Amino acid sequence: MSTMRAQRAGEVLGSGLRAGTSGMVAIAPCPAVSGAADPIGAIASRLEAAGSCLLALPERGYSPHLRITRYDVVRSALDAYGWEASRIRPPHPSGAEIDRMDEALGWLAAIPEERFVLRRILGARALTHPLTGRHLFPWRRLGGVLRADHKTVQRWHREGLGIIRAALAAAERKLAQSGAAG
């Protein structure tokens with residue numbers, strides 16, 4: 001039987017974030033992003049994969065559906081033979097995909113609170129449909145919501161990715177320094 005215990009502040013969280021003593025949040029380095037030829041593109045693709053995984057999660061948790069004994073009533077002959085259009089659902093993500101999603105979405109915490117618009121842009125742009133791969137929020141739609149030109153929204157998106165890249169690089173340098181000192 002496994003036991004559960006509460007985590008203290010300062011312990012590693014499952015999202016890739018570490019709670020610091022000063023209330024600041026530090027990001028765990030990601031070797032897949034730091035070793036990439038284009039780290040900005042790698043960060044963007046990781047965020048898009050995280051958004052796709054988020055949208056592929058089940059819409060609701062446990063249900064009492066199996067406990068309810070209710071028989072479906074056939075209302076017409078067409079319903080009896082399955083002539084209804086079926087809804088295609090994406091496959092449920094694995095545990096490793098959910099862990100990578102938590103890590104990537106945790107990177108958004110690197111953007112300072114006063115730059116919340118950048119967080120919103122990166123979060124909205126990360127949402128991609130799990131089956132088609134299309135963005136739920138195209139650039140022009142984001143520009144309309146924020147009342148800005150779509151080119152400006154693209155520039156803000158790149159700026160937010162740069163902030164995350166700098167935070168990941170700083171976390172990697174800090175890890176290297178602590179490894180060299182130890």
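Figure 1. By the rule applied here, the count is 1 cavity of 30 Å³ or more; a cavity is a set of points on a 1 Å grid over the protein atoms alone where a 1.4 Å probe fits but cannot get out. Grid points are joined across faces, edges and corners, and a volume is the space filled by probe spheres set on the points. The model is predicted: local features need pLDDT of at least 70, side-chain atom pairs count only at pLDDT 80 or more, and totals for chains, interfaces and linings use all residues. Residues are numbered from 1 along each chain as its sequence is written, and side-chain values use heavy atoms, with hydrogens and water left out. The volume of the largest cavity is about 40 Å³. Its lining consists of Ala44, Leu47, Glu48, Leu122, Arg125, Ala126, His157 and Leu161, where a lining residue has an atom within 4 Å of a point. By class, 5 are nonpolar, 1 is polar and 2 are charged; Ala, Val, Leu, Ile, Met, Phe, Trp, Tyr, Cys and Pro count as nonpolar, Asp, Glu, Lys and Arg as charged, and the others, Gly among them, as polar.

**Figure 2. Alanine 44 in helix α2****.** With a relative accessibility of 16%, alanine 44 counts as buried, a term for residues under 20% relative accessible area; exposed means over 50%, and partly exposed in between (1.4 Å probe, protein chains only).

**Figure 3. The largest pocket.** This pocket holds about 420 Å³ of space. Leu57, Pro58, Glu59, Arg87 and Arg89 are the closest to its centre among the 15 residues that line it. A pocket is an open set of points with protein on both sides within 12 Å along at least five of seven lines. The lining comprises 8 nonpolar, 3 polar and 4 charged residues.

Figure 4. Within α6 (residues 139–146), the buried residues are Trp139, Leu142 and Gly143. Viewed down the helix axis, the buried residues of α6 fall within an arc of 100°, so they line one face of the helix; the arc is that of the directions from the helix axis to the C-beta atoms. These buried residues pack against α5 and α7, with contact meaning heavy atoms within 4.5 Å. Arg140, Gly144 and Val145 are exposed on the other side of α6. Arginine 147 follows α6 and has a positive phi, near 55°.

**Figure 5. The nonpolar cores.** The largest nonpolar core has 18 residues, and those with the most contacts inside it are Ile43, Leu47, Trp107, Leu122, Leu161, Ile164 and Leu168. Such a core is a set of buried Ala, Val, Leu, Ile, Met, Phe, Trp, Tyr and Cys residues joined through side-chain atoms within 4.5 Å. Helices α2, α4 (95–106), α5 and α7 each supply at least two residues of this core, and the largest share, 5 residues, comes from α2. Apart from this core lies another, of 5 residues, including Ile121, Trp139, Leu142 and Val153.

**Figure 6. The chain as a whole.** The chain contains 7 helices and 2 strands, arranged from the N terminus as β-β-α-α-α-α-α-α-α. Helices (H or I, at least four residues) and strands (E, at least two) are DSSP runs, numbered from the N terminus. Of the 182 residues in the chain, 25% are buried.
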